[in-house]
Amino acid sequence: MRRVTGFVAAAAVAVGFAGAAAGQDIVIASVGPMTGQYAAFGEQLRRGAEMAVENINAKGGVLGRKLKLEIGDDACDPKQAVAVANQLASKKVALVAGHFCSSSSIPASAVYNENGILQITPASTNPALTEDAAKKGWKNVFRTCGRDDAQGLVAGKFLATKYKGKGVAILHDKSAYGKGLADETKKAMNAAGHKEAMYEAITQGDKDFTALISKMKAAKVEVIYLGGYHTEAGLLVRQAREQGFGAQLISGDALVTDEFWKITGKAGEGTRMTFAPDPRKVPDAKDVVAQFKAKNYDPEGYTLYTYAAIQVWAEAANKAKSIKTADVAKQLRTGKYKTVIGTLEFNSKGDVVNPLYVFYDWKDGKYEAIGSGM
């Protein structure tokens, strides 16, 4: 996996790009964890952005101008995210397709708003991102993914129904994403009449879950719901199996990377997670998926969500005949947009209308959709 440090201005990615005058280029960016323990997701964002720019430029660019891509590395660290956002502001980017972690997107959004930059995150699901922006009257924040309250509702109802009368442990990693998803799941599960046996926090970067596993054993936990990322989830389930603890692990969309299986091996078999219907199987994504596979890359997880973020921005800019944030943001809130992840429509807050979530099971190193999970 290629690692990218800091900013890397993408080379001319379209045929004929070299002939365009530099002053005519429209600079856009994608930002995510290009380094660190979540770098697998940074690669998804980078790959999606690069392919979108390549294809848009091949068709003439936006308003007759070529796109130039900057890649920013925030390592999913809030302070680094703000630093990256300020650097992008100095480069006068028109769009940021990012960040990945909600804990990065939320503080960075203030910088983008102050500098009149449009932000479309492909992966940050914490409701506070768009809710707080709307309360402040900001119009520049959007996402192509769903929100934790939608995902948590699906997971919480499932836990209450499937594990009625059984011990459920709700865990989170204290992050804006992990705690947000765990709390929304807990709220939905409680509303459906089921009380958790445990509610515990872990810390991002933890490597040893021995004490927690022993505590869950003593509490007769039969299912673990983790709001968090694939690294801690993978270590947790692997160590649980090594200690003879067979509780079912269920988590969210931050497990949509094959890095999870590289951590767990066979111990990850049967792990269940929620994610949107597989975007790789959307009919309108067929040609783009083939392009990725021709480059020996599987566009899993949030790759196509990043592509779609740039895709909708480009279409909205062309319709508005402007790349000004106010004009593009207004255009995005009108009509529907056909993308590689399906048709998207945005509400007044910048959230997608009617996001869908389904269940997946990990099996033989891949995640496969199983529908409602019931």
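## The salt bridge between Asp149 and Arg147

In this predicted model, the side chains of Asp149 and Arg147 meet in a salt bridge, with 2.7 Å from N to O. A salt bridge is a side-chain nitrogen of Lys or Arg within 4 Å of a carboxyl oxygen of Asp or Glu. Asp149 counts as partly exposed because its relative accessibility is 28%, whereas Arg147, at 12%, counts as buried. The terms refer to relative accessible area: buried is under 20%, exposed is over 50%, and partly exposed lies in between (1.4 Å probe, protein chains only).

Asp149 and Arg147 also belong to a network of salt bridges that links them with Glu131, Arg143, Lys349 and Asp351. A search of the whole structure finds 23 salt bridges.

## Two further salt bridges

Glu222 forms a salt bridge with Lys166, and their closest N and O atoms are 3.7 Å apart. Glu222 lies in strand β9 and Lys166 in the loop between α5 (148-162) and β7 (167-172), so this pair ties together parts that are 56 residues apart in sequence. Both are partly exposed, Glu222 with a relative accessible area of 39% and Lys166 with a relative accessibility of 36%.

Lys187 and Glu184 form a salt bridge through their side chains (3.4 Å, N to O). These residues stand three apart in helix α6 (residues 176-191) and are therefore separated by about one helical turn. Lys187 is exposed at 53%, while Glu184 is buried at 17%.

Helices (H or I, at least four residues) and strands (E, at least two) are DSSP runs, numbered from the N terminus.

## Parallel strands and their crossovers

Strand β9 (residues 221-227) runs parallel to strand β10 (residues 248-251), and four bridges join them. Strands pair if DSSP finds at least two bridges between them. Val223 stands opposite Gln248 in β10. From β9 the chain passes through helix α8 (residues 230-242) to β10 in a right-handed β-α-β crossover. Right-handed means that, with the strands pointing away from the viewer, the path from the first strand over the helix to the second runs clockwise.

Strand β10 also pairs with strand β11 (residues 272-275), in the parallel sense and over two bridges. Here Ile250 stands opposite Arg272 in β11. The β-α-β crossover from β10 to β11 goes through helix α9 (residues 259-264) and is right-handed.

## Basis of the values

Residues are numbered from 1 along each chain as its sequence is written, and side-chain values use heavy atoms, leaving out hydrogens and water. In this predicted model, local features need pLDDT of at least 70 and side-chain atom pairs count only at pLDDT 80 or more, while totals for chains, interfaces and linings use all residues.
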